[in-house]
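Please keep the structure open while reading.

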Amino acid sequence: MYKKKIKKKEKKTLKTIFGFFLLGNSIFLFLSFFSFLFHWKNDQSQLEKLFDKEIIAENLLGKMGATVSHYFIHCGIGVSAFFIPILLFLTGLKILFFKKEFFNNFYKSTIYKFLFFIVWIPIFFYVIVPDKGIFSGIFGFEIGNYLIHLFGKVGLYMLLFTSIIFYWIIIFRINDTTIKNGMKKKIQNINKKIDTTLQLCNLFDNHTEIDYSFRKKKNMLYSILYKKKEDFSFIDLKIDLESNKKKIIQILNHYNIEICEIKANIGPTITLYEIYPKVGTRISKIKNLKNEIALNLSALSIRIIAPIPGKGSIGIEIPNYKRYPVYMKDILFSEESNKKSHKMELPISLGKTVFNEILIVDLAKMPHLLIAGSTGQGKSVGLNVMIVFLLYKKHPKDIKFILIDPKKVELSIYKKISKSYFATLPNSIEPIITDLYKVKNILNSLCKEMDQRYAIFEKYKVRNIKEYNNVIRKYNKYHLPYIILIIDEFADLNMNHQKKQIEIYITRLAQLARAVGIHLIIATQRPSVDVITGLIKSNFTARIAFRVSSKIDSRTILDCTGAEQLIGKGDMLFSNKNELIRLQCPFMELSDIQKIVDFYGNNKKNEYFFLPEPDLS
């Protein structure tokens, strides 16, 4: 027993010595090989006299290192020689430290891999860079040359390529079943992505039967709105940011205005620079430097917010050198949009803020919306975005539109959905009202609908449409939809001789219709005092201003200046409850709107909603 223990100890000692011997040799060889790559020319030229005392080798490990590396690399297997010290190092580690099965398996598989590379890498380098003999060595040169004579260069390329494929098949044990399984996994991942997209596509909240064709339609809607984003160079933008920061600080310092900090928030259209002035700085001094800042930054126009509400800072809004559009697809199918609109009765998307946040508002709480802006600044696109968003979020039985389009062309695209999504007069031929003389009738009929609803609410002792629909659900009574009246050009109605009556109807609806689920969206390109009267403005607290031509027009719509400084193409200001927010309206092409309308127009159910007959007196 004692002798056996001594023998075991001796074996362990020998193993330890041998393990460290291998580790030491691996490091020696690796360093000599590595040094050979840089000093081989000088050392090789005097290789025969290398062991003379007068000659000094440049190799890190001296004359021995130069000699060993020469025979292994140049006369041997080229750069594949580096695998030898690696193998020795792994073997030393295995002997000294690792006795587990896991490392043994790893060690065996590594040897097989290295054997493959030791053979093929010198040949590969000889074929690719035949002039660099240091990489291929004599082994690569001789074998490569022989194979070229046998197969030719093209044949050798094919041989290398197929050997690599065979190598991967053997190493990773690839077969037809693994390929099929891999394809199945990819298909499953794609299906998962589609399913998550379809979950977001809450087209019909109360739809009971969701069959394959319905899911396919939702997926089609996603594909309709898919747009490739324009390239947006954030590197250039970061350079512009720093440059603009320095220029703003220089101007303020020139006028002896000290600031503590300056921050930048990048939006789709503009960048907001937040300036935190030192205590005692007069805000008016910074406001008065508006033109100087615009000149120094070479900006088309800038807008100064002094101070930013709820923050101890002053804002300078500067247009981006390259603006990137906000696509409707990014709004509709985003989780942020879905979360924000989930509990809203009539959610509409207005666009993205300067902080790149999606702004979703509830029309039911606003309760009416006034839109103004010069021609071509984005009013019609904004209206289309609101209509499409409501179509996407609400079922036909929950929402009905009344569209008044004096221009006769802007809203005509929605005719196809009139059977399921419009509220009309009985025996009406045209679902979209374009005749100015019929506007009075539809408004009169809408006021009668409002009065009838109030009578129903009194009967059931409820205060608003939401409470009513919740109560009658128990009795399976008639469900009341929300009605949204949209007027595309309100100024044209004022040219009619019935102007006074129309204004009375609209004012009455704006004052009383909120509780019964009737809401108004009115747009005009002439925000003058005679069009937007004080009586109308007082009932439309929520307002949107696209770019206008003058400060007077801006004050008429927003009660403040700023809309004249917007840069167009969907750039807008949204005012609600004394809060002013700058937004970029989402963009939609007319062809996409047409496809979406066709998609919703294919609904076979004709859910007509008729308003009461108007008083013709």
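Beyond its neighbours within four places in sequence, Y468 is in contact with I456, F457, Y460, V462, Y478 and L480. The model is predicted. Y468 sits in helix α16, residues 465-475. Its relative accessibility is 4%, so Y468 counts as buried, the cut-off being under 20%. One of its contacts is L480. Y468 and L480 lie twelve residues apart in sequence, and their C-alpha atoms are 8.2 Å apart in space.

Next, helix α18. This helix covers residues 499-512, 14 residues in total. At 1.5 Å a residue it should span 20 Å, and its end C-alpha atoms are 20 Å apart, so the two values agree. Its buried residues are I502, E503, Y505, I506, T507, L509 and A510. In an α-helix, residues three or four places apart point the same way, because there are 3.6 residues a turn. Several elements cover the buried residues of α18, including those tabulated here.

| Covering element | Residues |
|---|---|
| α15 | 439-460 |
| β10 | 482-487 |
| α17 | 490-493 |
| β11 | 518-524 |
| α19 | 534-539 |

Now the cavities. How many cavities of 30 Å³ or more does the structure hold? There are two. β14 gives the most, with three residues. By class, the lining has four nonpolar, four polar and three charged residues.

Technical notes
Residues are numbered from 1 along each chain as its sequence is written. This is a predicted model: local features need pLDDT of at least 70, side-chain atom pairs count only at pLDDT 80 or more; totals for chains, interfaces and linings use all residues. Side-chain values use heavy atoms; hydrogens and water are left out. Helices (H or I, at least four residues) and strands (E, at least two) are DSSP runs, numbered from the N terminus. The expected span of a helix is 1.5 Å times one less than its number of residues. Buried means under 20% relative accessible area, exposed over 50%, partly exposed in between (1.4 Å probe, protein chains only). Contact means heavy atoms within 4.5 Å. On a 1 Å grid over the protein atoms alone, a cavity is a set of points where a 1.4 Å probe fits but cannot get out, and a pocket is an open set with protein on both sides within 12 Å along at least five of seven lines; lining residues have an atom within 4 Å of a point. Grid points are joined across faces, edges and corners, and a volume is the space filled by probe spheres set on the points. Ala, Val, Leu, Ile, Met, Phe, Trp, Tyr, Cys and Pro count as nonpolar, Asp, Glu, Lys and Arg as charged, and the others, Gly among them, as polar.
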